[in-house]
Amino acid sequence: MPSQWARRWGYVAKDAPTGRCGVTIKFLHTDETGPVSDVTCWRDSWKDFDQCVWHADTDNKPRDDLAEARTEYPERLDGAIIQGNNMGSSISFANCRMNGAELTDANFSMADFSNAMLRYATLDETQFFQTNFSRANLSQATLEKVNLQNADLTHTPL
Ligand SMILES: [Zn+2]
């Protein structure tokens, strides 16, 4: 910290107790339901990091650790950092909030991001071959040097 997204709209909550991820995403915008309130992650911290496995600012996190941390339900993963990983379709991010996430230099081919919120996400230099982004929101996301070959962008705002 601070990573790219932290400079953009997040910070580490100073009052987070040891063992909890204090990453707080500050929402500067409103949506159709009104102002979006800030949210603090509060997941268990991971290894020696002060943050959880999603928010620790490091490359090549073990895929198994990420898969284990992912519930089967839609989750708030805003500001998640996944860099350098070959994730493939091992984890479904369908219906998750991933605004401001940094999914860079990675491979998410054939993964499911349907109906995910990826506003302001950084998705540079990542493989999304046959990835499902149907009804995902990629508005204001950066997509430099990505492979979107055969990706499903049906009803996907860019
Ligand atoms: Zn966290």
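A residue is buried if 20 or more other C-beta atoms lie within 10 Å of its own, exposed if 12 or fewer, and partly exposed in between, with C-beta atoms placed from the backbone. By this criterion, buried residues make up 39% of the 158 residues in the protein. The model is predicted: local features need pLDDT of at least 70, side-chain atom pairs count only at pLDDT 80 or more, and totals for chains, interfaces and linings use all residues. Numbering starts from 1 along each chain as its sequence is written.

The protein has two helices and seven strands. Helices (H or I, at least four residues) and strands (E, at least two) are DSSP runs, numbered from the N terminus. Their order along the sequence is α-β-β-β-β-β-α-β-β.

Contacts were assigned to residue pairs whose C-beta atoms, placed from the backbone, lie within 7 Å. Among contacts with a separation of 6 or more, 19% join residues 24 or more positions apart.

A nonpolar core is a set of buried Ala, Val, Leu, Ile, Met, Phe, Trp, Tyr and Cys residues joined through C-beta atoms within 7 Å. The largest has 34 residues; Met98, Ala116, Leu118 and Ala121 touch the most other members. Beyond four places in sequence, Ala121 touches Met98, Asn99, Gly100, Ala101, Leu103 and Ala141.

Leu103 lies in strand β7 (residues 102-104). Leu103 counts as buried because it has 27 C-beta neighbours inside 10 Å. Neighbours within four places in sequence aside, Leu103 contacts Ile82, Phe108, Ala121, Leu123 and Thr126. Leu103 and Asp124 are 21 residues apart in sequence, yet their C-alpha atoms are 7.2 Å apart in space.

Note on methods
Two residues are in contact if their C-beta atoms, placed from the backbone, lie within 7 Å.
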